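Open the model in your viewer and keep the selection panel to hand. This tour goes from one selection to the next and says what is there.

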Amino acid sequence: MSTRLHLRLRQPPALRVSLDDIVPETGADATEVARRPLWLGREAVELGELFDVSAQALAGDATPELVIEGDCRRIDDIGRGMNGGTLRVEGNAGDYLGAEMLAGEIIVGGNAGDLAACELRGGRIEIGGGLGDFAAGALPGGMDGMRGGTLVVRGNVGARCADRMRRGMLLIHGDAGDFLAARMVAGTVALAGRAGAHCGYGMRRGTLVFAGPAPETPPTFVETRHDITVFWALLRRSLAYHGGPFAALPARTPRRLVGDLAAGGKGEWLLPQMD
Amino acid sequence: MSATETTTRMQRNGIDIDDTFAEAFPMKATRLIITAHNDTWAQHAAIAATGFATSVIACGCEAAIERPLSPDETPDGRPGVAVLLFSMSGKELAKQVERRVGQCVLTCPTTAVYAGLKDGEPIALAKNLRFFGDGWQISKMIDGTRYWRVPTMDGEFVGEETTFVVKAVGGGNLLILARDTEAALAAAEAGVAAMRAVPGVIMPFPGGVVRSGSKVGSKYASLSASTNDAFCPALTPLARKTELDPGVNCVMEIVIDGLTEADVSAAMRAGMDAIVARGAEAGVSRLSAGNYGGKLGPFHFHLRRILGGEGAA
Amino acid sequence: MSTIRLRGGQVYDPTNGIDGELRDIGIRDGRIVELHPQEKVDHDYDLAGCVVMAGGIDLHTHIGGGKVNLARMLLPEDHRARRERDNLLELASGGCCTPGTLQTGYRYAEMGYTAAFEPAMLAANARQAHMEMGDTPILDHGAYVMLGNEEVFLEMLARGEDFERIRDYVGWSINASKAMGVKVVNPGGISAFKFNQRKLDVDENHVHWQVTPRRVVHTLARALRELGVPHPLHIHASNLGVAGNIESTLATIDALEGLPGHLTHIQFHAYGTEGPKKFSSATRQLIEKLKAAPNVSIDVGQIIFGQTVTASGDTMRQLANADLGSPRKYVGGDIECDAGCGVVPFRYREQSYVNALQWAIGLEIFLRMDDPWRVVLTTDHPNGGPFTSYPHLIKLLMDKSFRDEQLARLHPDVAAMADLREIGRELSLYDIAIMTRAGPAKLLGLTDRGQLGVGAAADIAVYREQADREAMFATPEYVFKDGTLVARRGRLEAVPTGGTHFVEPDYDPAIEKTLERHYREHMSIDWRHARISKDELCSCSNHGSLLPCKLHGGGRT
């Protein structure tokens, strides 16, 4: 039987707490979940000491849900490695939100911390607010960042977003910090706001779409002037699905830059707003 | 022996419908969507890619245009054409797809190619054609589908990485027995036109019509098929067995390949309806079908059942 | 004063010729003693159905020093896997092929090992190495100082300095770095690499110093013999991993001219060039040579399939291997122009012809070598595989059917052709006790370790007899370190600090003048800091006991 599990944070903990391994699951039992151990610094505490836990039965074949309420800025690893179900955070989330996630959906109403969606493999994450640094990047030592799935951010993202990204789609409605899509291997990043310095630094392949103002062309990017109507039509259709500033990108072939020439130059920037 | 002599007659609009069936075979098929800058170039690519594909006996596959597609029906919003390709095995089909798309679509100005089916056994579409890009090719995943972008002199060729192969039905047919050439051709054309409106089928012969209907075997050991003497008016007085009545001086056949049994059946029905609607006055006296006694192919399309109802009209 | 009686275990103590006899073993204050059968003891363990051996000794495992840390930094992902923190004795530490110091100690002790030796300590990096090993709990430890590629040595050799001077330099180096022995890595080759040579055969001249690896090996081996250092020269021979390197390996054995030498991770040096892939096993040639050279001992460096990292002082070979890395990362380094280092993560794959053959070659060497006292069980942790795979390796050696099962899964050409198929030998528990305890103790000159005779240190591993040798050796019933119960059925019971083994050969201090000048002119380290004193060693090694090793023949006369 499917369940909707509610965790309500009583008050922000004094220390950071990892909520790893707490994911939407069928047949979750509130009493059992409340007894699961969490580490508060060096101290093991029961989940129930930090959260009010309740569960609600859903129709048998419904997707299991997990709802986390309260100011969870200090709660890390929410939805980390998740492999299905729906997770909603009504408020803010800590670091590593949805890291290494395989499938399912995470919806965060507020902001999330650093390293959100890093090494994301599949599924969909939507952030109502903004993200800290290293979003959609690689975990320390990882050779690839985000490698599948979709990440939609309604607000701004910090520095090093999509570092070493390999696959998947990332849409940022707000602004991005420095080094957006640096060392990108492949995948698609669409940005509606402004990009910080060193955007696309060392990118090898992949696509950056600037739905809003175009950044200055770095010296290691050059323009190509061929007809990419077909590809643009395919990509534009996919972007439009996510609405907002991406809903009405012009149909004419956008200006296209390739780079980073220092890293092979097979990455591309598409600048639909530019003439 | 003619079926009409042993059972009750069924006549529609003065045309005799034989109590017989078309015998068809399992095949493997895929649908491709070819788009281009405009209709003309999409047609050029599609015609070339489905050329010399009348019969698996020597062409490797049977292929034809299924129908033109309007811009709002294609993945990239440009005019396009849907083509269907049929082969006896998935492996042979894969080979044919790669050759035909490589030589006739990749080469054709402004075209792009997509899988026209979303389920089935995957085979390479642009997967190996990408190497034409000599390292400059770019892969792109969009919403779970991988495309290859290969730089070409007109810009870039975009092709979906894989297409999908499904089980299909090949060899549905309809024999039109008529007074003379004029009448047979006109009826065949009308039949093919009606069948083309049915989704999921192609009529792979030139203009959808074949005049060299065949039987299994030959007096020559090296040939596996030879002329269908029972339906050749030239041989009415000579052949050991004839299916033709006096007054039938020209026979045409329409061969139909379809993605499903129901598609083939629907096409045969549409074709027959169109011919029947023209009436016996137009010169067609009988409709029949080719089979091998029902032992070779698992699909049997009974003309009378398809038309619905037994007995005379 | 605490006394322990281990009652009725089946004892394998090759040093004392005991092969599976049922015996009692008494322990008092960390030493093995004779206990009167009636004597009351503090702890009495009934070991019916158990096998008793001395604690394991790994004489070649990279557990401390510069490149181990580089490997850890290169592979942070290796430390990500979390382990349930259910034992308060264990502090947070992780890693599999690049374990942290704590993890190293915990996991070694858990499988019955009580001593481990770092084979590649740079003189310039000795402090760090001792500190890391000191931070490694439970295990006794020691290290071999890397010589044979540093400027001062090659220069002395090149200008024809008296052998005695060079011997004094070696003696000083061992003392200064508080080493247990000397290792030479790609003799002269690491230095040659810096002069743009990418290969150096045993009789090929270093382009600058005009010195051959043969001279380097012979000089160092002779120096150690004369200094009375018990552990023979630890030799990582030329051309590691290169097809056809059996030639260099045999030439290196010849270069010893009968002097003691220990050829390490020999599996990586036993390749021929036969067959369609020009890569073949040269085990037969190697074993023949070893039978005729009783002065030479080996450890194997068995490879184990899966993810690991190769960390070596052999910059020359590691640069060549960098492109084969998986994940594709690489670090190369150098300290004080005295040696080098290269770290390449590697994944040994069953379906790789080369890897499969390497696996077979390693096992062939173990099984073909007739004198177990001269073969030590190693994977050259982490180069061939992490040390935690030893129980698996033991099962491969003791169980022919298990071995065949594994072989059948490998690259078809290897599975069908390897000589290994025809080797029916299964090692006995006695053989294993030699290769993992008694043998290495003897090769290191540790007289009171690796054995269970009266007076020996009470480093003891007790295994529950099981048909599945992997399970048996992975989780000993009890492990004692100096008489303290440190692990019980895979769970740590105590975390004492291990001791440091080192040797103090005598040498003529006149050499220090030359070295002082060299330090002043060429080194970044102050001469006054070049030497680690005993007091400093004590604090470096976490105040563990200092275990100076007896010299052979009382040292130089």
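Domain bounds here come from an automatic or database domain assignment. The model itself is predicted.

**Stop 1: the two domains of chain A.** Select residues 1–76 of chain A and colour them as domain 1. Then select 77–271 of chain A, which is domain 2.

**Stop 2: the domain interface.** Now show the residues where the two domains touch. Domain 1 of chain A contributes 21 residues, and these are in contact with 17 residues of domain 2 of chain A. Together the two domains bury about 1400 Å². Carbon and sulfur atoms carry 51% of that area. Which residues of domain 1 of chain A lose the most area to domain 2 of chain A? Select Pro24(A), Ile68(A) and Asp76(A). Together they account for 30% of what the domain 1 side buries.

Stop 3: For a salt bridge in chain A, select Arg16(A) and Asp95(A). The closest N and O atoms of Arg16(A) and Asp95(A) are 3.7 Å apart, which counts because the cut-off is 4 Å. Next, display polar contacts across the interface of domain 1 and domain 2 of chain A. There are 12 residue pairs in polar contact, both residues at pLDDT 80 or more.

**Stop 4: the domain 1 side, by element.** Switch to cartoon. Two strands of chain A give two or more residues to the domain 1 side that touches domain 2: E6 (65–69) and E7 (75–76). E6(A) supplies the largest share, five residues.

**Stop 5: chain C against chain A.** Leave the domains and select chain C. Eight of its residues are in contact with 10 residues of chain A. Chain C and chain A bury about 690 Å² between them, with 49% of it on carbon and sulfur atoms. How many salt bridges are there between chain C and chain A? The count is zero. Two residue pairs of chain C and chain A are in polar contact, both residues at pLDDT 80 or more. Finish by colouring the chain C side that touches chain A by class: two nonpolar residues, no polar ones and six charged ones.

How values were computed:
Residues are numbered from 1 along each chain as its sequence is written. Chains are lettered from A and ligands numbered from 1 in the order in which they are written. This is a predicted model: local features need pLDDT of at least 70, side-chain atom pairs count only at pLDDT 80 or more; totals for chains, interfaces and linings use all residues. Side-chain values use heavy atoms; hydrogens and water are left out. Contact means heavy atoms within 4.5 Å. Buried area is the accessible area (1.4 Å probe) that two parts lose on being put together, summed over both. A salt bridge is a side-chain nitrogen of Lys or Arg within 4 Å of a carboxyl oxygen of Asp or Glu. A polar contact is a pair of N or O atoms within 3.5 Å; within protein, one must be able to donate a hydrogen and the other to accept it, and residues adjacent in sequence count only if both atoms are side-chain atoms. Ala, Val, Leu, Ile, Met, Phe, Trp, Tyr, Cys and Pro count as nonpolar, Asp, Glu, Lys and Arg as charged, and the others, Gly among them, as polar. Helices (H or I, at least four residues) and strands (E, at least two) are DSSP runs, numbered from the N terminus.
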